[in-house]
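Reader: Could you walk me through the ligand sites and the voids in this one? I'd like the cut-offs spelled out as we go.

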Amino acid sequence: SAIIGMDFTLSEEHRAVKEAARDFARTELLPGVIERDTVQKFDPVLIKKMGEMGFMGMMVSPEYGGGGMDTLSYVIAMEEISSVDASAGVIMSVNNSLVCWGLEYFGTAFQKQNYLTDLATGKKIGAFCLSEPEAGSDATSQHTSALEMKDHYLLNGTKNWITNGSSSGICLVIAQTHPEKQHRGINVFIVEKGWEGFVVGKKEDKMGIRASDTHTLMFTDVKVPKENRIGEDGFGFKFAMGTLNGGRIGIAAQALGIAAGAFERSLHYARERKTFGKPISEHQAIQFKLSDMATRIEAARLLVYKAARLKDQGKDYVKAAAMAKLYASDVAMWVTTEAVQIHGGYGYVKEYHVERMMRDAKITQIYEGTSEIQKLVIARELLK
Ligand code: CAA
Ligand code: FAD
């Protein structure tokens with residue numbers, strides 16, 4: 001529109017991405033999605049296939065095995081994948097927007113050659129390690145330390161809640177080097193699985209996104225070569241915030257997908273299920289739910305697309321990303337709750353999918369910055 005200077009008509013390329021992701025989600029992800037939620041395990045073969053489809057490094061340049069696509073393509077694919085399997089969505093989102101994007105944008109040629117291609121092709125999975133037992137929202141108070149030695153750093157500490165914690169081969173680890181400089185003393189390092197002193201701890205037994213593995217990671221005197229530090233000394237917190245701005249667009253798209261998936265199922269079910277001699281879709285109470293669901297989903301989609309477009313245009317997208325995540329995650333929670341209601345008792349059992357979607361939706365209000373933190377970010381942008 002004239003107000004925001006954006007046209008949301010999808011190009012042929014964007015429509016092709018949407019089709020491909022939708023088709024992949026239905027044929028490959030849908031069949032085992034309930035089972036994977038139950039056993040809390042993602043199938044590595046599916047990750048390999050997602051890599052072959054180009055979903056693991058969508059925005060990475062083809063030089064490093066990526067798809068060379070824009071952020072809008074990425075959110076379109078994220079929505080479709082997450083509308084069927086939100087666990088696949090988060091695996092994809094962390095790899096694309098926190099790990100690959102950060103490496104490509106801020107990494108050295110050596111770091112990209114060594115790590116980016118494997119990540120962008122899905123040969124290896126990445127993890128982003130910022131949170132600690134005492135540094136979640138309060139991310140600047142990093143306790144993990146990175147002591148500078150002659151030709152390496154010595155890493156010590158504990159990270160928790162790490163998505164892809166056990167399945168990842170490459171981790172970006174944020175740690176404090178100069179506590180006296182507070183957040184400006186923080187660094188970020190590329191750390192490989194299997195390095196001495198790096199131990200994968202307990203797996204979390206979660207409410208939702210249960211097929212995505214979440215672990216505590218422990219580091220004891222892990223030697224990290226100096227060439228594995230990303231950016232200048234003290235760049236780590238800027239790196240974390242910079243990647244999270246884009247990551248929040250990805251999670252907003254995940255939330256949008258969960259909502260859209262639950263809505264589609266509700267629409268279908270409302271037409272099939274009969275009570276009092278007619279489909280429940282003919283009861284106005286159900287129609288109004290469907291109308292509200294569709295309207296909020298559309299509003300969320302516009303915010304997500306807007307944030308993606310601003311990023312693609314090289315404009316400031318901090319506020320737009322936070323708004324998209326704040327709004328889309330609330331829409332996901334609300335829509336999935338209504339979806340269970342529309343399904344009645346059937347909505348409360350696994351077979352109908354919407355109970356899982358409701359459990360999956362909740363995390364989108366918590367990770368990559370809680371809703372309260374998004375409001376803080378938005379307010380700071382409004383008031384600065
Ligand atoms: N973009 C760019 N820079 C930002 C930023 C943003 N969104 N937010 C903060 N900064 C910068 C500030 O400008 C400031 O920079 P200076 O060096 O110029 O001072 C610096 O970061 C510190 O910011 P504040 O002084 O505002 O520090 P604060 O402690 O008051 O607030 C915070 C910081 C915004 C609350 C931040 O800690 C935060 O975002 N917390 C949430 C953490 C988070 O999102 N974690 C997600 C973990 S990953 C994950 O969850 C993955 C997953 O699930 C799949
Ligand atoms: P706290 O920070 O303790 O917050 C508790 C409550 O207080 C929240 O409601 C919060 O919004 C509120 N609150 C805190 N500070 C303020 C304030 N200043 N103003 C108003 N309200 C406030 N982290 C990673 O680094 N990498 C990952 O891959 C990752 N994956 C995750 C996967 C899952 C399944 C989960 C559950 C978490 C994951 N996280 C990851 C961590 C996640 O980002 C944090 O849980 C989140 O940032 C919140 O931190 P916290 O849990 O310590 O909550």
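Reader: Which strand gives the most to the shell around ligand 2?

Author: That is strand 3, with 3 residues. Before going on, please note that this is a predicted model, in which local features need pLDDT of at least 70 and side-chain atom pairs count only at pLDDT 80 or more, while totals for chains, interfaces and linings use all residues. Residues are numbered from 1 along each chain as its sequence is written, chains are lettered from A and ligands numbered from 1 in the order in which they are written, and side-chain values use heavy atoms, with hydrogens and water left out.

Reader: OK, and which residues come nearest to ligand 2?

Author: There are 18 residues around ligand 2, and Ser131, Ser137, Trp161, Thr370 and Glu372 come nearest; a residue is near a molecule if one of its heavy atoms lies within 4 Å of it. The shell divides into 9 nonpolar, 6 polar and 3 charged residues, where Ala, Val, Leu, Ile, Met, Phe, Trp, Tyr, Cys and Pro count as nonpolar, Asp, Glu, Lys and Arg as charged, and the others, Gly among them, as polar.

Reader: What lies 2.8 Å from a nitrogen atom of ligand 2?

Author: A backbone N or O atom of Phe128 lies 2.8 Å from a nitrogen atom of the ligand, and an N or O atom in the side chain of Thr163 is likewise 2.8 Å from a nitrogen atom of ligand 2. On the oxygen side, a backbone N or O atom of Leu130 is 2.9 Å from an oxygen atom of ligand 2. Ligand 2 exposes 970 Å² when taken alone, and the protein buries 64% of that, with accessible areas taken from the Shrake-Rupley method with a 1.4 Å probe. The elements that give two or more residues to this shell are strand 3 (152-163) and helix 11 (371-383); helices (H or I, at least four residues) and strands (E, at least two) are DSSP runs, numbered from the N terminus.

Reader: Switching to ligand 1, how many residues surround it?

Author: Ligand 1 is surrounded by 25 residues, and the closest are His183, Asn245, Arg248, Glu368 and Arg380. By class, that shell has 12 nonpolar, 8 polar and 5 charged residues.

Reader: Which helix supplies the largest share of the shell around ligand 1?

Author: Helix 7 does, with 6 residues. Helix 5 (86-106), helix 7 (236-272) and helix 11 each supply at least two residues of the shell around ligand 1.

Reader: Which polar side-chain atoms lie at an oxygen atom of ligand 1, and how far off?

Author: A polar side-chain atom of Arg184 lies 2.9 Å from an oxygen atom of ligand 1, and one of Lys238 lies 3.4 Å from an oxygen atom of ligand 1. Taken alone, ligand 1 exposes 1100 Å², of which the protein buries 74%.

Reader: Now the voids. How many cavities of 30 Å³ or more are there?

Author: The count comes to 2. On a 1 Å grid over the protein atoms alone, a cavity is a set of points where a 1.4 Å probe fits but cannot get out, whereas a pocket is an open set with protein on both sides within 12 Å along at least five of seven lines, and lining residues have an atom within 4 Å of a point. Grid points are joined across faces, edges and corners, and a volume is the space filled by probe spheres set on the points.

Reader: What lines the largest cavity?

Author: Its lining consists of Val33, Arg36, Asp37, Asp85, Ala86, Ser87, Arg210, Ala211, Arg356 and Asp360, around about 40 Å³ of space. Those residues divide into 3 nonpolar, 1 polar and 6 charged, and helix 2 gives the most to the lining, with 3 residues.

Reader: And which helix gives the most to the lining of the second largest cavity?

Author: Helix 7 again, with 3 residues. The lining of the second largest cavity divides into 4 nonpolar, 4 polar and 1 charged, and the residues include Met59, Trp101 and Lys311.

Reader: What volume does the second largest pocket have?

Author: About 270 Å³. The second largest pocket is lined by 17 residues, of which Phe42, Pro44, Ile47, Ile125 and Ser167 lie nearest its centre.

Conventions:
Polar contact = N/O pair within 3.5 Å; in protein donor to acceptor, adjacent residues only side chain to side chain.
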